[in-house]
Amino acid sequence: MVPERSGEGLARANLVRHRAPYLHTRKQFREAKRVLDVGCGTGYGSAMIATPDREVVGVDTSDEAVEWARTTYRGENASFFTMPATELRFPDDSFDAVCSVQSIEHFDDVEVFLTEAVRILRPGGVLAVATPNRLTYSPGGKINPFHTQEYDARELEQLLAGSFEEVEVTGLHAGLDLSLAPGVTTHFHEYGARVEALREALREAPEDVRQFVEEWLVEDGFESFNFGAVGLHSFPVSPKSIDTSLDLIATCTKPR
Ligand SMILES: C[S@@+](CC[C@H](N)C(=O)[O-])C[C@H]1O[C@@H](n2cnc3c(N)ncnc32)[C@H](O)[C@@H]1O
């Protein structure tokens, strides 16, 4: 039997950690037939939300990401466009749901995005927002230069309450299995911010440089932890102890 390399396991754990907010968001959208994913990146999350009965439109400011999403998810009930969050070129009341997963912290003008979200949602429609909890992501102050702003639970609630009457904020946590292993929760907390910043900074770097850095990033001594067992259960969602959560997940409803 070939033992799993810790790097592969960690990469898998990171993958689950990034998919977890989309999986939670998808649960909020059970009834939705038309969903807009704002800041969709490479489109894997839009594809996760799409079903034969649910159309997803993904928008992002990165031409490269949109082109990738179009090519990769051609067979899905999903389409992708280059478009800023502040200028959503869709008619009023045209979506049942809107989501922004790990993207509002990148937007230049979040208030304009929220005004746009309210406009394009139908009455009773839902906006779901997932964003890093700044209290665990960057406890010593903002590290990621690609983030224009970061929030704690109260700040996020206050922001969203400016545009929506009904707002609920909950937290995506590192579960018990992750918390028991020393160093692992730290990896998903502030260390995660540094990794994300480094990856963003190297987005345009040659492939061999990026590969070298990826290999170096996982050489940080998690050998004893069984990352292979990490699954969605490792990232539970709960409003309890929200200040220790990895991400904040908010659900806002447009009045009928
Ligand atoms: C961290 S990525 C998240 C991508 C995806 N939602 C995910 O969870 O993997 C943030 C994305 O927001 C996009 N973005 C930044 N500013 C934007 C804006 N003003 N309008 C739309 N997308 C934007 C970036 O290009 C990037 O793809």
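The shell around the ligand divides into seven nonpolar residues, nine polar and two charged. Here Ala, Val, Leu, Ile, Met, Phe, Trp, Tyr, Cys and Pro count as nonpolar, Asp, Glu, Lys and Arg as charged, and the others, including Gly, as polar. In total, 18 residues surround the ligand, and the closest are Gly39, Gly41, Ala85, Ser103 and His106; to be near, a residue needs its C-beta atom, placed from the backbone, within 6 Å.

Some housekeeping. This is a predicted model, where local features need pLDDT of at least 70 and side-chain atom pairs count only at pLDDT 80 or more, while totals for chains, interfaces and linings use all residues. Residues are numbered from 1 along each chain as its sequence is written.

Now the chain. The protein chain has 10 helices and eight strands, taken as DSSP runs numbered from the N terminus (helices H or I, at least four residues; strands E, at least two). Of its 256 residues, 39% are buried, that is, with 20 or more other C-beta atoms within 10 Å of their own.

Next, the core. The largest nonpolar core has 54 residues, a core being a set of buried Ala, Val, Leu, Ile, Met, Phe, Trp, Tyr and Cys residues joined through C-beta atoms within 7 Å. Strand 5 gives the most to this core, six residues. Leu127 is among those with the most contacts inside the core. Beyond its neighbours within four places in sequence, Leu127 is in contact (C-beta atoms within 7 Å) with Val98, Ala117, Leu121, Phe164 and Cys252.

Last, helix 6, residues 153–161: its buried residues are Leu156, Leu159 and Leu160. Seen down the helix 6 axis, they fall within an arc of 90°, so they line one face of the helix; the arc is that of the directions from the axis to the C-beta atoms.

Conventions
Buried ≥ 20, exposed ≤ 12 C-beta atoms within 10 Å, placed from the backbone. Contact = placed C-beta atoms within 7 Å.
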